[in-house]
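Hi there,

Here is the structure I promised to pass on. Please have a look when you get a moment, and then read on for my notes.

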Amino acid sequence: MKPVKIKKVQREELNFWEKTYLVPIFQGMSVTAKHFVANLTGSIDKVNVDYPEEQKVMPKGYRGKHRLTQRDDGTVKCVACMMCATVCPANCIHIEAEEHENPEIEKRPKIFDIDLLRCVYCGYCVEACPCDAIRMDSGIYTIFAPKREDFVIHKDQLLQIKPQSEFAADARPKQGMPALPGHSAGTSSPQIFSPPARAENRDTEPMKQDSSLAPSKD
Amino acid sequence: MNPDTLNAVLDIGIVLAKVLFFILFPLSLVPLLVWLERKVSALIQDRPGPNRAAIGFVRLGGLIHLIGDTFKMLSKEQLIPRNVHLFHYLAAPVIIAGVALIILPVVPFADVIHLPGGKEISMQALHLDAGILWYFAMTSLMVYGVVLAGWASNNKYALLGGVRSSAQLISYELPLGLSVIGLIMTFGTVHLNDMVIAQGDLLFGFLPKWGIFIQPLAAIVFIVCAFAETNRAPFDLAEGESELVAGFHVEYGGMLFGTFFMAEYVAMVVASAMIATLFFGGWQIPYLPTERLIALAPVLSQVALAGAAVVMLGLAFLSYRFYAKYNGKFKDIRDKEGLIYCVLLILAAGGAFATMGALAMFGFPQEWGGPLFAALAQMGAFIGKILAICIFFIWVRWTLPRFRYDQLMFLGWKSLLPIALANIFLTGVMIFLTGGLKG
């Protein structure tokens, strides 16, 4: 049997003032007091989004509520090929096809239902779609309904949802994520208020992080 | 009616009014403290805090949430788990809330009022010779509520919480009691009003002779132990939610839980009142003892009214700034809320100025107005001190993480107890050197 290796970790000794606890406590309390005063005087406002009145614009590639795209004449682009329903790991897409009057298109969905309670928002349906008929770029991240049945959304509802880029201008106030670099510069102690680097990447270069999952369209 | 019966009726009325005040004051402070707790914690954590609930346009920065909270608590179904020991289960919140409420009446809210007719009104509802000992006696009874709640709930988490809490309360009662002994030695009394009167003098001619300046060690020990006694962070091990769900009140719901919740805040008010009384001069306003307060009442009332008017104008400016900043957010009358408050505050400031003018024109009714003004000013000062210490409690809660159990015991038995004992010794030495109790 091999002898167990012991690694001695040198713990940092507390000095006298730290041992009394009182000095570190007051240091900590000065940190919280700084936050309190800064918030009270409004100098670090706008960290929060007042949700129903203001809404975040989600980063590009964010998989929100699904939508069905339209042709130029306003009809549904989907050809009811069942690719999305087949690939869906949650089995939440239900399609019934019917004949399209245009013989070149052949099929279109009579029923296109998505059960949003079953959906896991993996985005495979978007990847699988051969004709860019289903997308998840609506940016809608709040999905709510009074009844269970209402969470199953139908073709006409899916067709009406717009991409985020279109209705960000009018329906939603352009709030977005707080402007992080400028925000941290304006505060009294940037060490504390500056957000983690991960969040910053996400804001400035959203595609870089999400490109592996985002639909490779356009 | 002959004057004797009139006098007796008046006396009974005064006693009833005092009893009502001492019950209603902590209870009415509870919702305010809940609001403060939520708002201060929010601001410390860079959140806006409660600001949604509204009656019409009135939001008052989240104060309306309190009404909602209260109705929710009162209208909830009272579920009682099947396997509890019903009598003790129901007795526990009553004990805790009752004990918390019964302490405050010994605290003096102002100096004894000498009315012109030779009548004296003491601003304590409970005139006990025991004084501070009443506080110790009653806070120790709180342990029973906690233990009973934990045991009667028939739940292992509740039991663990109760056991932890009782161990904590018992071990912190010792330094709590010992820390005050130094204070009793210096003031030579256990009566709270006498202690406060003794704190009215000046130290070295400029420093108010408050307990914190003459007994700093005792103040630190007492404040730390008061945190532990009220079961608040960083000593809220009894409800360490990561380990014990909610601790001793895990099986309580609805208004029974509400009683615990209320009792916690009442205990906080009581602890603040005790800290203020013992170490921050109670109802004493620095540099203004009662006689000078009564003598200067005509001037000081004008100053107080002017100060109130200035504060109201400042608040009006702030609410106008709030209105200008968030105008157009809701697109209904809620947008105008700040403007409405601004107008109301300006009107109130105008009222204060009008009262000033009226006082200046008709003269200040010194005979009964002087003592009344002094009492009101002292009550205001005392309530202000209580609120400041409550905010300190809240501030500490949202700063410090919870102690580990062994750290808690270490702090109580190995740090605070020796400090309290050393403080008694030091006080004794000082009294011996300066010669006598009244030195």
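This is a predicted model: local features need pLDDT of at least 70, side-chain atom pairs count only at pLDDT 80 or more; totals for chains, interfaces and linings use all residues.

Let me start with the place where the two chains meet. Chain A brings 21 residues to the contact and chain B brings 22 residues. Together they bury about 1,800 Å², and carbon and sulfur atoms account for 63% of that area. On the chain A side, Tyr21(A), Met29(A) and Glu53(A) stand out: these three supply 29% of the area that chain A buries against chain B, more than any other three residues. And how many salt bridges does the rule find across the interface of chain A and chain B? The count is 0.

Searching the whole structure gives 4 cavities of 30 Å³ or more. For the largest cavity, the volume comes to about 180 Å³. It is lined by 15 residues, and those closest to its centre are Ile96(B), Thr230(B), Asn231(B), Phe248(B) and Glu264(B). Two elements of chain B, α4 (132-152) and α10 (254-279), each give two or more residues to this lining. Which element gives the most to the lining of the largest cavity? That is α10(B), with 5 residues. Sorted by class, the lining of the largest cavity holds 9 nonpolar, 3 polar and 3 charged residues.

Two residues of chain B may also be worth a click in your viewer.

The first stop is His249(B), which sits in the loop between α9 (241-244) and α10 of chain B. Is His249(B) buried or exposed? Its relative accessible area is 10%, so His249(B) is buried, as the cut-off for that class is under 20%. Setting aside residues up to four places away in sequence, His249(B) touches Glu239(B), Phe257(B) and Phe260(B). Of these partners, Phe257(B) and Phe260(B) fall within the residue range of α10 (254-279).

The other stop is Asn423(B), found in helix α15 of chain B, which covers residues 405-434. Asn423(B) counts as buried because its relative accessibility is 5%. Beyond its neighbours within four places in sequence, Asn423(B) is in contact with Ser179(B), Gly182(B), Gln215(B), Leu217(B) and Ala218(B).

Do write back with any questions once you have had a look around.

Best wishes

Methods:
Residues are numbered from 1 along each chain as its sequence is written. Chains are lettered from A and ligands numbered from 1 in the order in which they are written. Side-chain values use heavy atoms; hydrogens and water are left out. Helices (H or I, at least four residues) and strands (E, at least two) are DSSP runs, numbered from the N terminus. Buried means under 20% relative accessible area, exposed over 50%, partly exposed in between (1.4 Å probe, protein chains only). Contact means heavy atoms within 4.5 Å. On a 1 Å grid over the protein atoms alone, a cavity is a set of points where a 1.4 Å probe fits but cannot get out, and a pocket is an open set with protein on both sides within 12 Å along at least five of seven lines; lining residues have an atom within 4 Å of a point. Grid points are joined across faces, edges and corners, and a volume is the space filled by probe spheres set on the points. Ala, Val, Leu, Ile, Met, Phe, Trp, Tyr, Cys and Pro count as nonpolar, Asp, Glu, Lys and Arg as charged, and the others, Gly among them, as polar. Buried area is the accessible area (1.4 Å probe) that two parts lose on being put together, summed over both. A salt bridge is a side-chain nitrogen of Lys or Arg within 4 Å of a carboxyl oxygen of Asp or Glu.
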